[in-house]
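Grab a pencil and open the viewer. Here are a few exercises, each with its solution worked through step by step.

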Amino acid sequence: QVQLVETGGGSVQSGGSLRLSCAASGSVYSRICMGWFRQAPGKAREGVAHIDSISRTIYTDSAKGRFTISRDSAKNTLYLEMNNLKAEDTAMYYCAAGRGRNLPCDFVYWGQGTQVTVSS
């Protein structure tokens with residue numbers, strides 16, 4: 001079982017930056033794939049960035065060049081650095097973890113989410 005707690009959301013102006021963190025419990029953290037998702041009001045949840053156990057990454061097109069996913073195994077923490085934020089990035093952001101090491105990741109564990117609001 002893996003428990004995930006996101007922090008770091010907030011309100012910023014367009015062009016601003018935020019860093020989301022996801023603290024994970026459990027000794028298997030370093031061996032599992034993880035990712036960030038988001039869901040805006042009235043829209044389906046979408047994958048933003050995923051990372052495998054050896055830090056290989058994939059990004060959705062809208063995140064490429066602006067967002068960076070990373071992990072710190074010593075701290076059992078996943079990060080999402082978000083730069084040049086746009087109004088369309090406004091959403092609830094969720095951390096997720098899977099059972100395996102590699103991508104594509106079969107996500108089975110989810111955090112409660114942290115809200116990101118970008119004003120233009």
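**Exercise 1.** Find the partner of Cys 33 in a disulfide, then work out the handedness of the link.

*Solution.* Step one: look for the sulfurs. Cys 33 is bonded to Cys 105, with 2.0 Å from S to S; a disulfide here is a pair of cysteine sulfur atoms within 2.5 Å. Keep in mind that this is a predicted model, where local features need pLDDT of at least 70 and side-chain atom pairs count only at pLDDT 80 or more, while totals for chains, interfaces and linings use all residues. Residues are numbered from 1 along each chain as its sequence is written, and side-chain values use heavy atoms, with hydrogens and water left out.

Step two: check the torsion. About the S-S bond of Cys 33 and Cys 105 it is about 75°, so this disulfide is right-handed.

Cys 33 is in the loop between S3 and S4 and Cys 105 in the loop between S9 and S10, so the bond ties together parts 72 residues apart in sequence. (Strands are DSSP E runs of at least two residues, numbered from the N terminus.) Both cysteines, Cys 33 and Cys 105, are buried, meaning under 20% relative accessible area; exposed is over 50% and partly exposed is in between, with a 1.4 Å probe and protein chains only.

**Exercise 2.** Which residues do ring pairs link into a cluster, and which charged end sits over the ring of Trp 110?

*Solution.* A search of the whole structure gives three aromatic pairs. Rings of Phe, Tyr and Trp (its six-membered ring) pair if their centres lie within 6.5 Å; planes under 30 degrees apart are stacked, over 60 edge-to-face, and the rest tilted.

- Phe 37 and Phe 107 have ring centres 4.9 Å apart and planes at 90°, so they are edge-to-face. Phe 37 comes from strand S4 and Phe 107 from strand S10, 70 residues apart.
- Phe 107 and Trp 110 have ring centres 6.2 Å apart and planes at 50°, so that pair is tilted.

Put together, the cluster is Phe 37, Phe 107 and Trp 110. Phe 37 is buried at 11% and Phe 107 is buried at 15%, whereas Trp 110 is partly exposed at 29%.

Now the charge: the charged end of Arg 45 sits over the ring of Trp 110, 3.9 Å from its centre. Arg 45 also lies over the face of Phe 37, at 5.7 Å from the ring centre. The test is NZ of Lys or CZ of Arg within 6 Å of the ring centre and within 35 degrees of the ring normal.

**Exercise 3.** Where is the cis peptide bond that involves Pro 104?

*Solution.* The bond joins Leu 103 and Pro 104, with omega about 0°. Pro 104 itself is in the loop between S9 and S10.

Methods: Helix = DSSP H or I, 4+ residues; strand = E, 2+ residues; numbered from the N terminus.
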